[in-house]
Amino acid sequence: MSSSLIIAYLFLGGAGAGMLFVLSAVSFFSPSRDLDLDGSGRLQPWGSYARLYGLGYCVSLAICIVAALCLVFDMARPDAILGLIFNPNVSVVSIGAYGLGLCIALNAALAIIWLSHFRPNIMLCRIVSALAIVAACVVMSYTGLLLGIIPHAVFWQSPLIVVLFVLSSLSCGIALVVLAMMAFRLLAPFWNAARTVLLVDGVLIGVELIVLTVFIASSQQSAPEAVETLVTGDLAALFWTGLVAMGLVVPLAMELASRWKVGLDVHPCIPAVLVLIGGLCLRICIVFAA
């Protein structure tokens, strides 16, 4: 197992699945009157919502494809992926591979649905979005379960790693959606939506900070060497600066200050970038600490 490739997969797979989840959940629960529909209930291509969702799914698709390539090349024999796909025995690895493949397929399908001039019915979009939500949940969970199947690393056996990775993936997904709004010049028309999802992200960050604290405290008995490496050892600078400060505390403080109107008007892209940095630092710290 290559540490750099597995870290890249854990980060990109989780972030790509998180972005798919966020886009699909928002579009699924959005009232029909708020979407780009004509009188027949069909999507109008290249309206503001169609651009946001269609181009957003393209970004998520690209990220998931790169994550899949990292997973394939991390295998000792990349051609063994075919044996994994066609193996009738169900395992954590095979479920994760199928889930990632399904995320790629559903990302492509949803991008076509939103950007297509065939103007599909909104009900078709909601059905595919529901499937995408399930597939994204599988992949976000799998990025944590993958480490847990390695028996010699006690530090990776905690179920809290799965919780941490899911929370981080959702947070990174929200960050990617906000950055996509900026890249595609959609931040102005969706400014209120961006602030709302960042409020949700603030809640996720707060919960992630609590879970991280519990995880470190509970691991002091089972894996004291790993905890020492993180807190005071070789990874301490990355852990405290990159993960805790930049990835959790600062974005949370920015969001709270902005919400409480204390004179700090933070552009949504700043905490979004910090969240992505923290998400990457989380995977690096977890992998190398063990």
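Helix axes are lines fitted to C-alpha atoms over the stretch in contact, and the angles between them run from 0 to 180 degrees between N-to-C directions. The structure is a predicted model, in which local features need pLDDT of at least 70 and side-chain atom pairs count only at pLDDT 80 or more, while totals for chains, interfaces and linings use all residues. Residues are numbered from 1 along each chain as its sequence is written, and side-chain values use heavy atoms, with hydrogens and water left out.

The secondary structure of the protein consists of 10 helices and 0 strands, where helices (H or I, at least four residues) and strands (E, at least two) are DSSP runs numbered from the N terminus. The order of elements from the N terminus is α-α-α-α-α-α-α-α-α-α. Of the 290 residues in the protein, 52% are buried; buried means under 20% relative accessible area, exposed means over 50%, and partly exposed lies in between (1.4 Å probe, protein chains only). Contact is defined as heavy atoms within 4.5 Å. Among contacts between residues at least 6 apart in sequence, 79% join residues at least 24 apart.

The axes of H6 (residues 160–183) and H7 (residues 191–222) come within 9 Å and cross at roughly 155 degrees. H6 is therefore roughly antiparallel to H7; angles under 35 degrees count as roughly parallel, over 145 as roughly antiparallel, 65 to 115 as roughly perpendicular and the rest as oblique. The H6 and H7 crossing is left-handed, a term used if the near helix is turned anticlockwise from the far one by less than a right angle, with clockwise giving right-handed. The residues of the contact of H6 with H7 comprise 20 nonpolar, 3 polar and 2 charged. In this classification Ala, Val, Leu, Ile, Met, Phe, Trp, Tyr, Cys and Pro count as nonpolar, Asp, Glu, Lys and Arg as charged, and the others, Gly among them, as polar.

The axes of H1 and H5 are 8 Å apart, and these helices pack at an angle of about 155 degrees. H1 and H5 are therefore roughly antiparallel to each other. H1 passes H5 in a left-handed crossing, and the residues of their contact divide into 19 nonpolar, 7 polar and 1 charged.

For H1 (residues 3–29) and H10 (residues 269–289), the axes come within 10 Å and cross at roughly 140 degrees. H1 is therefore oblique to H10. The crossing of H1 and H10 is right-handed. On the H1 side the contact involves Ser3, Ile6, Ile7, Leu10, Phe11 and Gly14, and on the H10 side Leu276, Gly279, Leu280, Arg283, Ile284, Val287 and Phe288. These residues divide into 9 nonpolar, 3 polar and 1 charged.

Two residues of H5 were considered individually. Ser129 is found in H5 (residues 122–148) and counts as buried because its relative accessibility is 0%. The side chains of Ser129 and Ser27 are joined by a polar contact of 3.4 Å; a polar contact is a pair of N or O atoms within 3.5 Å, where within protein one must be able to donate a hydrogen and the other to accept it, and residues adjacent in sequence count only if both atoms are side-chain atoms. Not counting residues up to four places away in sequence, Ser129 touches Ser24, Ser27, Phe28, Tyr57 and Leu110.

Val139 is also found in H5, and is buried with a relative accessible area of 0%. Val139 and Gly99 lie 40 residues apart in sequence, with a C-alpha to C-alpha distance of 5.7 Å. Beyond its neighbours within four places in sequence, Val139 is in contact with Gly13, Ala17, Gly99, Leu100 and Cys103.

Phe165 lies in H6 and counts as buried at 0% relative accessibility. Its contacts, leaving aside neighbours within four places in sequence, are with Leu10, Met140, Thr143, Gly144, Leu147, Leu282, Arg283 and Ile286. The C-alpha atoms of Phe165 and Glu208 are 9.0 Å apart in space, and the two residues are separated by 43 residues in sequence.

Arg185 lies in the loop between H6 and H7. Arg185 is exposed, with a relative accessible area of 75%. Phi of Arg185 is near 55 degrees, a positive value in a residue other than glycine.
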